[in-house]
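I opened my notebook to look at a few places in this model. Here is what I looked up, entry by entry.

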Amino acid sequence: MWRPPQKIKWKPNPGDWPSAEEASRSLLFSPLNAGPFRLDTRTWVPAMVPWRATDDGFVTQDNIDWYARFAAGRPGAIVLEATGIRDIPSGPLLRIGHERFVPGLKKIVEAVREASGGETKLFIQIIDFLSIRRRPEPAKYLGQYLRLTDRHRAALGMAGAAEADVRARLLQLAPEALEQVLDARELEGLRMGDRERVTDMHLPHIRELPQVLPDLFAGAARRAREAGFDGIELHYAHAYTMASFLSAVNDRDDGYGRTLEGRVRLPLEVYRRVRETVGDDYVVGCRFLSDECIPGGSDVEDATHFGVAFARAGMDFLSLSRGGKFDDAKQPAVGWSAYPYTGPSGYECMPHHVSDEKGPFGRNVEASAHIRAAIRAQGLGTPVVVTGGVHGYRQAEELLASDRADVVGFARQSLADPDWFTKVRSGYGKAVNVCIYANYCEALDEKHEEVTCQLWDRVALDEAGIRKTKDGKRRLTPAAWNAPTLP
């Protein structure tokens, strides 16, 4: 992952912890009631992909254990990991693109209900993504994959030459010379791996996305309701399809790009189709970016326009993230795919304890508060979930008390300690395992390995009945916490 050049080392600073009596009077542990969107507390575990599904997208026992363990801490809500809406191979990611996935998803719902005593709401984040290929061996790319044209032959001075001769010449060229022969997308295919974009209008399946996606999202939403989820989070963030429609770099010329209205058109059409399918009494919200954090990308003013549009359309909540784009991702190793959290925008999404003057804590707060204020100025009361580097009670309570958030999300902190919510609420905040923002979890995610936390994944490895990672070296969930017995 990219690091800021300042290389300032920060330590977590959760502040002091409340007594149980103080926590009971807090905003953080108070209920939220906004139409169908109701939480027992204003605490939220955002979607995180733990890489525990089967290779064909089915729920495993490890998925069930994972979410049950978070639910045991009794947060107000958990958002199930990004779950694919297409019935296509996508590796060990959960899917909801067909009825055959519903029984497994029901098991997660049931496990969360039981583990939380019915206190924790469970939403599912549904996502679409376009094709991305691994970075190829240069010899294979130039010798087999590159589609040769007369342009290549002309650049090489080989008009009319046989394909084998042209490829042989390409293989002899130095990297600098290849830049004079290949266009920008071909060079990207060589150096990063081919990646589809929503602006690839020459591809029929890309051109037809606005006609296809609303029904795909709606079908996934219907299955989610059948599975028993409390609601839907439409994934409009980071490097994926819907976020790419919202992006300022979307220059589609079919009415679904270029202008703010054009870029938000498909996200709104998807939402309306989903709403028609699940009804007004079912929670539907979305996660989108407060700032893309890339040159030429959408900024907070763009996001403000989108936030107001989503609120006006009737979404039940808005959850804000930032960054995490392919546009500035680090070059992957040969045989690996580009990972959208390795560049400067990825750092903004998952900052490290080695940082700049801003530090890794609360980098998304000001932009989120700006968007929320604009929504309120329009007379709209849509709840806003703010996330990003929150690890202490005082931080979270201040966000709510200062009217900058309605719900506070704890991603890496809840991964470090799923019992954060129970511990703080019951007066045992000093027992919290505070996230150190080393991004150990992020490194595992990049490799598509089972995500765990270094604060607990090698503790009590000999505990009876625990499930371990494929290599047997890490436990998959933290040990249970039992509050000390009072004298």
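Before the first entry, I noted what I accept as a polar contact: a pair of N or O atoms within 3.5 Å, where, within protein, one must be able to donate a hydrogen and the other to accept it. I also reminded myself that this is a predicted model.

Entry 1, threonine 54. With that cut-off in hand, I looked at the side chain of threonine 54 and found one of its polar atoms 2.9 Å from the backbone nitrogen of phenylalanine 58. Threonine 54 sits in the loop between β4 (43-45) and α2. Setting aside residues up to four places away in sequence, I listed Thr60, Gly91, Pro92 and Leu93 as what threonine 54 touches.

I placed arginine 252 in the loop between α11 (241-246) and α12 (260-278). Its relative accessibility is 1%, so I count arginine 252 as buried. Beyond its neighbours within four places in sequence, arginine 252 is in contact with residues including Val198, Met201, Ile206, Phe245 and Arg258.

For a helix pair I wanted the angle between the axes and the distance between them. The axes of α2 (residues 61-72) and α3 (residues 102-116) come within 8 Å and cross at roughly 30°. The angle is under 35 degrees, so I call α2 roughly parallel to α3. The crossing is right-handed. On the α2 side I found Asn63, Ile64, Tyr67, Ala68, Ala71 and Ala72, and on the α3 side Lys107, Ile108, Ala111, Val112, Ala115 and Ser116. By class, the contact of α2 with α3 has 9 nonpolar, 2 polar and 1 charged residues.

Which way do α4 and α6 run relative to each other? Their axes come within 9 Å and cross at roughly 155°, which makes α4 roughly antiparallel to α6. I noted a right-handed crossing for α4 and α6. Arg167, Leu170 and Leu171 of α6 meet a set of α4 residues, among them Pro138, Tyr141, Leu142 and Tyr145. I sorted the contact of α4 with α6 into 7 nonpolar, 2 polar and 1 charged residues.

Notes: Residues are numbered from 1 along each chain as its sequence is written. This is a predicted model: local features need pLDDT of at least 70, side-chain atom pairs count only at pLDDT 80 or more; totals for chains, interfaces and linings use all residues. Side-chain values use heavy atoms; hydrogens and water are left out. Axes are lines fitted to C-alpha atoms, for helices over the stretch in contact, and angles run from 0 to 180 degrees between N-to-C directions. Helices (H or I, at least four residues) and strands (E, at least two) are DSSP runs, numbered from the N terminus. Angles under 35 degrees count as roughly parallel, over 145 as roughly antiparallel, 65 to 115 as roughly perpendicular and the rest as oblique. A crossing is left-handed if the near helix is turned anticlockwise from the far one by less than a right angle, and right-handed if clockwise. Contact means heavy atoms within 4.5 Å. Ala, Val, Leu, Ile, Met, Phe, Trp, Tyr, Cys and Pro count as nonpolar, Asp, Glu, Lys and Arg as charged, and the others, Gly among them, as polar. Buried means under 20% relative accessible area, exposed over 50%, partly exposed in between (1.4 Å probe, protein chains only).
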